[in-house]
There are 2 protein chains.
Amino acid sequence: MSPNPETRAPRAGILVTGTEVLTGIITDRNGPWLSERLREIGVDAAMIEIVGDRPEDLLAALESMAAAGMALIITSGGLGPTADDLTAEIVGRFCGREMFLDTALEERIAEILRPMMSRWPDLTEEAVRRGNAKQAIVPAGATILEPEGTAPGLVVPPADGRAGPTVLVLPGPPRELQPMWATAVATEAVQAAIAGATTYENAIVRLFGIPESEIANTLRTAEADGLDLAPLEITTCLRRGEIEIATRYEPEAAADYERLLAFIADRHAATLFSLDGSTIDDQLAGMLAGRTLAAAESCTGGGLATRLTDRAGASEYFLGGAVVYSNAAKIDLAGVPPELIERHGAVSIEVAAALAEGIARRFGADLGVGITGIAGPGGGTEDKPVGLVCVSVYAAGANATEPRRLTRRTVMPGGRADIRDRSVTVSMHMLRRVLLGETD
Amino acid sequence: MSPNPETRAPRAGILVTGTEVLTGIITDRNGPWLSERLREIGVDAAMIEIVGDRPEDLLAALESMAAAGMALIITSGGLGPTADDLTAEIVGRFCGREMFLDTALEERIAEILRPMMSRWPDLTEEAVRRGNAKQAIVPAGATILEPEGTAPGLVVPPADGRAGPTVLVLPGPPRELQPMWATAVATEAVQAAIAGATTYENAIVRLFGIPESEIANTLRTAEADGLDLAPLEITTCLRRGEIEIATRYEPEAAADYERLLAFIADRHAATLFSLDGSTIDDQLAGMLAGRTLAAAESCTGGGLATRLTDRAGASEYFLGGAVVYSNAAKIDLAGVPPELIERHGAVSIEVAAALAEGIARRFGADLGVGITGIAGPGGGTEDKPVGLVCVSVYAAGANATEPRRLTRRTVMPGGRADIRDRSVTVSMHMLRRVLLGETD
């Protein structure tokens, strides 16, 4: 289902450097972020490649991307003050450009560093100066992107008379790389490299509570029913228990996409929760406006609270929560009657319901969520296996409606991290349902 | 500082497939995991490449890795039941092998699916059968790795008489990929491909509270002082405010590494907290054995509780916590005197200290942590800017020692996520210091 090759967008490769990324010490966030940004400007991100801090590997990756016909290569990382950071030099060589010390840039970097010096009292001034002079050695003819941290970005076109991709060199820390993006794209050299980009439409719908194979079946049935899916590049994936269907298409295929969307909405009304790309997090933030929420979590250990408060502004509806690992905490902080734990066990729908109601009362919140389960790997029994999770949502009565409750008992697959993560997702979807009026 | 090329280990490329990974919809966890496993068996992971679900891109990536001299290529993903999953077929073509339907494998997959059918009442049996027959079409001559989910793995050597790398084909979900690893490595075909691997030593040390440039300076000084760093492949990186120095070396360079280690330990005694690769999480888990802990968190929203309970067995020392976003919750759950908030504001060292002591008392815990700050982007003032975080650790008196307290006020750089994450790390290091006997 690839788009017609004749109308293909210019292609770009993303080259993430750093032995610490290659070896898994740190997780790359730049590759996916750059890939999304490229799509927005109509450039096809064809690959993300991660290589270590070895000059020969970096050069080989640049050369293989050039051979694969990339119009633009974006590198991230390798611009730091240490000797293993060598991206600028290798890119200079790849583009056939000499390196030189840009003394004006060196002075601007020194200016940036001055206030930092006071933060680290035992810092050697000489060490800082030497490290950062290195950051001012750049390929001749490159466009400098002003540092957000201490490392400048670079746009390096091939040397005069040479063919090949333009290389956009960005620093590794996402907080430095991201603010440089808009400036980088606006440069003449990047604009020349991506000339001819056509903007694609990108649409995402999300479903919860359905297996991926059922979506595959729906897509096959749609084609059998005569829908034209050829102009649509459709990707389905399972994430945190949700199914995402991402579709990319040229603007003229909008009607084909609309027909597909109607077909999916018709077959999967009960599980389709997002038509506009919004996440469950987005939706809850909107639905919770004007209400208040508290959570009592056992097996998720604060994961729901953390996820809710990832968003700025969460304090307007999220009053707080309790992490009630011990039974004493369940009783004391969330007001669970001790006899309920004795009779049904700490992992039970009864205790989940008591946690939800108890924490709502404790915080004086409109809504309460209670989560209790066995995340493993230990602690499972035949009756209550690892993965058993009980979630309850309590909504205090308003406008003369009775209080509402929604409580579920599920056995989740996977390891400890999966079970904890999935439990948070399930509780968010149950919260959504209660906010839409559903009840036990 | 690369090792001598003559003694170089066999090299492997990791090829992660999936438009959902390339576009950033899901985060790749397999590349870094496989990279670590390869190191363990003495194979040099030279690159991780991510491509979308386009046959021509997948094939081009395989071919460029072969051209770069990889002895082994490991793919992850693209083995699902949907039409966009095409790894097995492309790898078959790349290795010059015909595809055929392995009917015995098809039957084993059907067997696995039977119990799943009951979980999804509205599932179409025909859809499942068709999707999973596709998963049993494999290259002739490949070694089958039994499915952990529904997708089998494959080891595909080049067809007889052809040169080129062996391809190990693994499924995308980490919980299916990871258990297949040991079996895959033990196969004759993989063993033949990686013959000659020599095991490297990998060592990591960690420091907290020091800038990366200072480590660069230490490394330069070590060389100037006559230490031989040439046989050591050293990578430094900044992660969550900690500095990691990862070093890879052949066993005969052990003495060179020991000398470097002693040099670092001597210069950075105050900030070096891990010599053996252990993380702060590992260390706290060990130090907390036999004690109990509770946490009251405001700006981190449960991030400390979540991180502590990521570990199985955390319930033995972590009693629980409170997420006290609102002032009412600070007062009610963590026993902060209201006049303290009035006088000093909710973000103050006084309130942090009261949170730490209050939550310890509330839970009857030996130790309490209190965190309050401004994660932003809103809520900052000139006096109390975004990034201001106050952390306090309280240790109840034992063995006639007075209660101990350690309280710090810091202004952290970065965005909301950075500030929250860094605050959790800072609180863990302060907890460690208190457990080592430090006090205000």
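A: Start with the axes: they are lines fitted to C-alpha atoms, for helices over the stretch in contact, and angles run from 0 to 180 degrees between N-to-C directions. Two packed helices are described by the angle between their axes and the distance between the axes. Note that this model is predicted.

Q: At what angle do the axes of H3(A) and H4(A) cross?
A: Roughly 45°. Helix H3 of chain A covers residues 55–67, helix H4 of chain A residues 87–94, and their axes come within 10 Å. H3(A) is therefore oblique to H4(A). The crossing of the two is right-handed.

Q: Which residues make the contact of H3(A) and H4(A)?
A: From H3(A), A:Pro55, A:Leu58, A:Leu59 and A:Leu62. From H4(A), A:Thr87, A:Ile90, A:Arg93 and A:Phe94. By class, six are nonpolar, one is polar and one is charged.

Q: How do H2(A) and H7(A) pack?
A: At an angle of about 10°, with their axes 11 Å apart. H2(A) and H7(A) are therefore roughly parallel to each other. H2(A) contributes A:Asn30, A:Trp33 and A:Arg37; H7(A) contributes A:Pro174, A:Leu177, A:Gln178 and A:Trp181. This contact has four nonpolar, two polar and one charged residues.

Q: Where does H7(A) bend?
A: At A:Met180, by about 40°. Helix H7 of chain A has 13 residues, 174–186. From first C-alpha to last, H7(A) reaches 19 Å, close to the 18 Å expected at 1.5 Å a residue.

Conventions
Residues are numbered from 1 along each chain as its sequence is written. Chains are lettered from A and ligands numbered from 1 in the order in which they are written. This is a predicted model: local features need pLDDT of at least 70, side-chain atom pairs count only at pLDDT 80 or more; totals for chains, interfaces and linings use all residues. Helices (H or I, at least four residues) and strands (E, at least two) are DSSP runs, numbered from the N terminus. The expected span of a helix is 1.5 Å times one less than its number of residues. The bend at a residue is the angle between axes fitted to the seven residues ending there and the seven starting there. Angles under 35 degrees count as roughly parallel, over 145 as roughly antiparallel, 65 to 115 as roughly perpendicular and the rest as oblique. A crossing is left-handed if the near helix is turned anticlockwise from the far one by less than a right angle, and right-handed if clockwise. Two residues are in contact if their C-beta atoms, placed from the backbone, lie within 7 Å. Ala, Val, Leu, Ile, Met, Phe, Trp, Tyr, Cys and Pro count as nonpolar, Asp, Glu, Lys and Arg as charged, and the others, Gly among them, as polar.
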